[in-house]
Amino acid sequence: MKFAIAIVFAALFAVVLAAPTSDADVTILRLESDVQPEGYNFALETSDGKKHEEQGQLKNAGTEDEAIVVRGSYSFVADDGQTYTVNYVADENGFQPEGAHLPNVPIGN
């Protein structure tokens, strides 16, 4: 499972760094990461206004229900000049994003 945590972290990190940008002068202002056997944390901030922070924690370690619970947020400056922020949780209930610009559709029973 420790290897899976490292793979998930590496994949998410690669996606963030591989995002296309039209400004070749974007620099990384802050980059922090800490990967432990039971979880991880990372933070990234770039000069074009992008920010991404995330924490992952191993839940029910060593059991059949072992899973990683991820909490985080990211923000970016859109073409309209506004900064948009998404807060999210990803756990056994799936990916659950929230943001003022996202529709809030209740799920019926």
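**Exercise 1. Find which residues aspartate 34 touches, leaving out those up to four places away in sequence.**

Step 1. Start with the rule: a contact means heavy atoms within 4.5 Å. By that rule, aspartate 34 touches Gly39, Tyr40 and Asn41, once residues up to four places away in sequence are set aside.

Before going on, a word on what you're looking at. This is a predicted model, where local features need pLDDT of at least 70 and side-chain atom pairs count only at pLDDT 80 or more, while totals for chains, interfaces and linings use all residues. Residues are numbered from 1 along each chain as its sequence is written, and side-chain values use heavy atoms, with hydrogens and water left out.

Step 2. Now place the residue. Aspartate 34 sits in strand β1, residues 28–36. Strands here are DSSP runs of E with at least two residues (helices are runs of H or I with at least four), numbered from the N terminus.

Step 3. Check the surface. Aspartate 34 has a relative accessible area of 35%, so it's partly exposed. The scale goes like this: buried is under 20% relative accessible area, exposed is over 50%, and partly exposed is in between, using a 1.4 Å probe and protein chains only.

Step 4. Look at the side chain. It makes a polar contact of 2.7 Å with the side chain of glutamine 36. A polar contact is a pair of N or O atoms within 3.5 Å; within protein, one must be able to donate a hydrogen and the other to accept it, and residues adjacent in sequence count only if both atoms are side-chain atoms.

Step 5. Finish with a distance. Glutamine 55 is 21 residues along the chain from aspartate 34, and their C-alpha atoms are separated by 9.5 Å.

**Exercise 2. Work out in which order the 6 strands of the sheet are arranged.**

Step 1. Strands count as paired if DSSP finds at least two bridges between them. The open sheet runs β1-β2-β3-β4-β5-β6, with antiparallel pairing.

Step 2. The edges are β1 and β6 (94–98), and each of these pairs on one side only. Ignoring direction, neighbouring strands of this sheet are turned by 10° against each other on average. That angle comes from axes, lines fitted to C-alpha atoms (for helices, over the stretch in contact), and angles run from 0 to 180 degrees between N-to-C directions.

Step 3. Zoom in on the β1 end. β1 pairs with β2 (residues 39–46) over 8 bridges, in the antiparallel sense. The two make a hairpin with 2 residues between them. Serine 33 has phenylalanine 42 in β2 as its bridge partner.

Step 4. Now try β4 (residues 67–77) and β5 (residues 83–91): they run antiparallel and are joined by 8 bridges. Glycine 72 is partnered by tyrosine 88 in β5.

**Exercise 3. Is histidine 52 buried or exposed?**

Step 1. Histidine 52 lies in strand β3, residues 51–59. Its relative accessibility is 11%, so it counts as buried.

Step 2. Tyrosine 88 turns up again here: its side chain makes a polar contact with the side chain of histidine 52, at 2.9 Å.

**Exercise 4. Trace the salt bridges of arginine 30 to glutamate 32 and glutamate 53.**

Step 1. Side chains of opposite charge can pair when their charged atoms come close. The cut-off: a side-chain nitrogen of Lys or Arg within 4 Å of a carboxyl oxygen of Asp or Glu. The count comes to 5 salt bridges.

Step 2. Arginine 30 meets glutamate 32 at 3.7 Å, N to O. With glutamate 53, the N to O distance is 2.6 Å. Glutamate 53 lies in β3 and arginine 30 in β1, so this pair ties together parts 23 residues apart in sequence.

Step 3. Check accessibility: arginine 30 is partly exposed at 27%, glutamate 32 is partly exposed at 43%, and glutamate 53 is partly exposed at 35%.

**Exercise 5. Describe the surroundings of threonine 85.**

Step 1. Threonine 85 lies in strand β5 and is partly exposed at 36% relative accessibility.

Step 2. Skipping neighbours within four places in sequence, threonine 85 is in contact with Tyr74, Ser75, Glu98, Gly99 and His101.
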